[in-house]
Amino acid sequence: MADLENYRPIIKRILTEYYGMKIHQVQKNPECEVSDRLALDEIRDEYLWFRFGWKDKKLVQHIIVYLKIKDSKVWVEQDLTNLCIVDDLLAAGIPQNDIVLGFHHPSKRQFTEFATA
């Protein structure tokens, strides 16, 4: 449980930094109502950076980064950035054996240097 209390603020800090970098780069387009958003849910331990809105007549729903804490491990379910969130989690002190690369199929996780589940 102590690790969870340490992992939550690390995850929130990293995602907030990523989000802040992106927001400063965004240029407003009056024809596009798409915006990046953060959802940081400490009760369910799910942390999302996603894009949502309308571009012309098309609904945009796009998960950029999705992390969750499950069974005392940080699951990286999605990372579509070029920032490599796993490196930042490691640098912040989360050990490899507490990070699961959930975007890899369960049968492939054993071939990584990270936790399998």
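**Close-up 1. Strands β3 and β4 of the predicted model.** Strand β4 (residues 73-79) runs antiparallel to β3, and six bridges join the two. Strands are DSSP runs of E with at least two residues, helices are runs of H or I with at least four, and both are numbered from the N terminus. Two strands count as paired if DSSP finds at least two bridges between them. K70 stands opposite K73 in β4. The hairpin of β3 and β4 has two residues between the strands, and D71 takes a positive phi near 55° there. This is a predicted model, in which local features need pLDDT of at least 70 and side-chain atom pairs count only at pLDDT 80 or more, while totals for chains, interfaces and linings use all residues. Residues are numbered from 1 along each chain as its sequence is written, and side-chain values use heavy atoms, with hydrogens and water left out.

Close-up 2. Strand β2 (residues 46-55) is antiparallel to β3 (residues 58-70), with ten bridges joining them. E46 stands opposite K68 in β3, and G53 has V60 as its bridge partner in β3. Two residues lie between the strands of this hairpin, and D56 in the turn has a positive phi of about 55°.

Close-up 3. F52 lies in strand β2 and is partly exposed, at 30% relative accessibility. The terms used here are buried for under 20% relative accessible area, exposed for over 50%, and partly exposed for values in between (1.4 Å probe, protein chains only).

**Close-up 4. The second largest pocket.** The second largest pocket holds about 190 Å³ of space. Twelve residues line this pocket, and K22, W49, T81, N82 and L83 are the closest to its centre. Two or more lining residues come from each of α1 (2-25), β2 and β3; α1 gives the most, with four. A pocket is an open set of points on a 1 Å grid over the protein atoms alone, where a 1.4 Å probe fits, with protein on both sides within 12 Å along at least five of seven lines; lining residues have an atom within 4 Å of a point. Grid points are joined across faces, edges and corners, and the volume is the space filled by probe spheres set on the points.

Close-up 5. R8 and E5 form one, with their closest N and O atoms 2.7 Å apart. These two residues are three apart in helix α1, so about one helical turn separates them. R8 is buried at 11% relative accessible area, whereas E5 is partly exposed at 45%. A network of salt bridges links E5, R8 and D45. In the pair of E17 and R13, the closest N and O atoms are 3.3 Å apart; both residues lie in helix α1, four residues apart, about one turn.

**Close-up 6. The salt bridge of D41 and R44.** The closest N and O atoms of D41 and R44 are 2.9 Å apart. D41 is partly exposed, at 21% relative accessibility, and R44 is exposed, at 58%.

Methods:
A salt bridge is a side-chain nitrogen of Lys or Arg within 4 Å of a carboxyl oxygen of Asp or Glu.
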